[in-house]
Every structure is written in C-alpha cells, then in structure tokens.
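Please keep the structure open beside them.

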Amino acid sequence: SKNYGKTLAVKNLNIKVPYGIIYGLLGPNGAGKTTTVKMLNSMIEPSSGNAKVMNFDIITQKKEVKLNCGYLSETPSLYEKLTTREFLEFVGELNYITPRMNAKRISELLVLFDLTNKENELIERLSRGMKQKIGLCAALIHDPEIIFLDEPTANLDPETSRTVKDLVLDLVKKVNKTIFICTHLLDTAEELCDKIGIINNGTLLIEGKPQDLIKSVDAKDLEDAYLKMLKISRSK
C-alpha cells in the first residue's frame, strides 16, 4: 500500500508476475499504476507491506533491484543539454557498464530505433517521439532482466509504435525477458499481454489472461471488459 498524506494511491495490492511473460496493469489516470511501478523499482517506498523483484527486497536491496530492472516513464527524464549519444553513455556508466560494452550497446540501440542520424544532436532539439525512443534506449542499455514500461507507445508515430511492440514481443520470446506494462491503450494490451490486472482507485479489481477476463463479464473484447469492470467498481 502507498499513501500520500490522506490519499490512498495503492491499497493492499497483491500480485505475482511469473518470469518470462508480458504483464499489463490497466486502469484510468490516477488509478495507482505509476505508483505501483515506482515502488517495484525502489524509487519510492511503500507505506506498508513489501515486495520482491528478482528475489531482491525493494526496500533493503534497492541497488540490486535497479541493476536488474529497466524503467521507462511516460515522460522520460532526459538531460536535454546532452547529445543522444552523450546521454546514453552517461546512463550506461550509471549502470556500471564497461566503456567498450557501453559503446556497443549504444550503437545497437541507435540502429534499432533509427536514431543514428540523431546521435550527435542535442536532445532539447528533438521531437517528443524521438525523446521517447531515447528513453527506451536508456531503459534497455544495461540489458535488464525485467523491463517496466509506463505507456511505452505514448507520443510515437504508428511505425515506431509497431517497432516498440515487436521489440517487446522479441524480448520475451527470444531473450526470455519479463515485461511489465502500464497502459490505457487496450488494443496494445490485448495484443501483447499474457496476463492483465485491472486497477482502479488503488485497488486491483481483477486479474487473468485477456481472453479469460473478456469471458468473465461476457464482453466482446478487452475494451468492453475493461469498461464493464470499471462500471461495476464505481457502482459499489
């Protein structure tokens, strides 16, 4: 649980995410998604309770948690007076990557996200979409075991959004990563996620495979199921 003063942002959340899947946490703005992810990344501490990520305690083993996790916020924090390459070099050093490996990872990610022609440009001069791609590169640069993505396709054009979705699928299928996605884009969640939790007002309403959730409320698709769940929760 997490309180901000008298505001209860997350209430008695209890989830277990198996390794090697894509887990989607869905909910409206203010539902508690970002707070949950920040707790799981040891960025903020819970008001009560605890959790383990990769068997590391999120309170007493913060360094180990951060070294094994990659995190992309909806609006990435970038040092905009640096060039793209300079910023990624800085992030790699923060994650204890050797200079040689750092340079290799940066070059691979710049190619993957079609940023090679922007590597020497100041970040402040780039579009929001390009900044989002740089944020993705930063989240992936230390090759983390678990990747937390908060609205990963926000501000991206359709082509780049497709690239990101394909990358997420490849990370799970080919290199056995675990992905934790927060999103309100239900088509993205239905396409990508193996397991989904729906949260509202800090409380987990339901959890399961997308098709099971759809069947549980006799819905036609995940969007219909999601809206029905929120309506039920608000009527209580």
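1. The side chains of glutamate 108 and arginine 105 meet in a salt bridge, with 3.7 Å from N to O; the term is used here for a side-chain nitrogen of Lys or Arg within 4 Å of a carboxyl oxygen of Asp or Glu. Both residues belong to helix α4, where they sit three residues apart, about one turn of the helix. Arginine 105 is buried, since its relative accessible area is 17%, whereas glutamate 108, at 36% relative accessibility, counts as partly exposed. In these notes buried stands for under 20% relative accessible area, exposed for over 50%, and partly exposed for what lies in between, with a 1.4 Å probe and protein chains only.

2. A word on the basis of these notes: this is a predicted model, in which local features need pLDDT of at least 70 and side-chain atom pairs count only at pLDDT 80 or more, while totals for chains, interfaces and linings use all residues. Residues are numbered from 1 along each chain as its sequence is written, and side-chain values use heavy atoms, with hydrogens and water left out.

3. The structure holds 12 salt bridges. One of them joins glutamate 124 to lysine 81, whose closest N and O atoms are 2.9 Å apart. Glutamate 124 lies in the loop between α4 and α5, and lysine 81 in the loop between β6 (69-72) and α3, so this pair ties together parts that are 43 residues apart in sequence. Lysine 81 is exposed, with a relative accessible area of 63%, while glutamate 124 counts as partly exposed at 34% relative accessibility.

4. Which side chain does arginine 85 meet in a salt bridge? The partner is glutamate 119, at 2.5 Å from N to O, and the pair links distant parts of the chain, with arginine 85 in helix α3 and glutamate 119 in the loop between α4 and α5, 34 residues apart. Arginine 85 counts as buried at 17% relative accessibility, and glutamate 119 is buried as well, with a relative accessible area of 18%.

5. Together with Tyr79 and Phe90, Leu94 makes a nonpolar surface patch of about 310 Å².

6. Helix α1 (residues 33-40) is mostly covered, six of its eight residues being buried; among them are Lys33, Thr35 and Val37. After α1 comes serine 42, which has a positive phi, near 60°.

Methods
Patch = residues over 30% accessible without salt bridge, like charges linked within 9 Å, V, L, I, M, F, W, Y side chains within 5 Å. Areas by Shrake-Rupley, 256 points an atom, 1.4 Å probe, with all protein chains shown as cover. Helix = DSSP H or I, 4+ residues; strand = E, 2+ residues; numbered from the N terminus.
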